[in-house]
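The sequence and structure come first.

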Amino acid sequence: MTEQHFIPENFSETRPNGQVAWESPSNIALIKYWGKRKNQIPENPSISFTLSHCKTITTLSFKAKETNDTFSFDVFLDGNKNEDFKPKIQTFFERVEQYLPFIKDYHFTIETKNTFPHSSGIASSASGMSALALCLMSVEKQIMEKEVTLNVVERSYNEKYFSQKASFLARLGSGSACRSIEGDLIVWGETKVVEGSSNLFGTKYPYPVHDIFKEYQDTILLVDKGEKQVSSSVGHNLMHNHPYAQNRFQQAHDNLEKLKLILKSGDLDAFIGLVESEALTLHAMMMTSMPYFILMKPNTLKVINAIWGFREKTGLPISFTLDAGANVHVLYPKRDAAPILEFIKNELVTYCQNQHFISDQIGFGANQI
Ligand code: DP6
């Protein structure tokens, strides 16, 4: 399949006004996407757990306008007009325009809020961009359905096409956002290890998964709520001409092959080894970029060491992963939640800014509201 698949033919001329709303979750990668080519094509495959509680809720109002020479939109975060998001959304609109032929015909009002605090250091781009992509798909669907009833257009808005294109559009906003449309395990990036995988959109992990992973917990420790010194986009670009890039990209394919066996067998020791290695490899890539940078903070390392100490002492299958920042995602099976939460509350919260952490768990994707 190519990008062409998502360019609608014989697009309807009708432009109804209306309002749609979606809530879309964040996700946490087990095998990390780090390095991309032109048009948001990943250099390596990644796989993530979709989260359940960390979500963005977006309402999109659309009103047909007279002229169609520019993009026209306002953004509100928590009810307040927000100018900071506009450049990113403008870039997103430019990237998706050829796939959404109606986009310049409308004035959009985008009202968005997150279930997690905006200044928590948790990236809202995955949940935010996926929610917006889904809203735009609902607009496309409304326009096309009007035609379908007139029997003019044959394209069926089946669920598969809808989610695939939503993921495809979300990817053009932020790569990892394409893994937030569905759950509970989503693969993005073409690899022979996973049948049906694509560089263009996320796909549901299609192989057997042991019950232990079905209700996996993710407690997010907010070690640093500040603005990141180096954005993900800059970090991805530093993988061009990176001395270890080719080996790292190959390693992601190999790790996915290994993870397949682990997900089937439920081997938690192997899971912990693989996931923690992926997290540290991601940060090793940052440290060995030129210019080099470090996103972990002293408390990130203190948390990691405390987790290792607790695991050694108790034998409980607690592990961590990191995103592109200082916060730590603590991963563990639900059956071990009681003693691990106790440990988090007694020993790890002291390393969090204002003792702040968020309890989340594996989820099943976005919902229309
Ligand atoms: C470390 O998806 O934020 O979280 O495509 O430039 O928006 P852009 O990058 P982004 O990168 C996420 C990187 C990561 C790993 C991952 O989620 O796979």
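Glu97 counts as partly exposed because its relative accessibility is 29%, where buried means under 20% relative accessible area, exposed over 50%, and partly exposed in between (1.4 Å probe, protein chains only). The model is predicted, so local features need pLDDT of at least 70 and side-chain atom pairs count only at pLDDT 80 or more, while totals for chains, interfaces and linings use all residues. Residues are numbered from 1 along each chain as its sequence is written, and side-chain values use heavy atoms, leaving out hydrogens and water.

The whole structure holds eleven salt bridges, each a side-chain nitrogen of Lys or Arg within 4 Å of a carboxyl oxygen of Asp or Glu. Among them are these:

| Pair | N to O distance |
|---|---|
| Glu23 and Lys55 | 3.4 Å |
| Lys104 and Glu97 | 3.3 Å |
| Glu278 and Arg248 | 2.8 Å |

Glu278 lies in helix H6 (residues 268-287) and Arg248 in helix H5 (residues 245-265), so this pair ties together parts 30 residues apart in sequence. Helices (H or I, at least four residues) and strands (E, at least two) are DSSP runs, numbered from the N terminus. Both Glu278 and Arg248 are buried.

Strand S10 (residues 217-221) pairs with S13 in the antiparallel sense over five bridges; pairing requires at least two DSSP bridges between the strands. Asp218 stands opposite Asp360 in S13.
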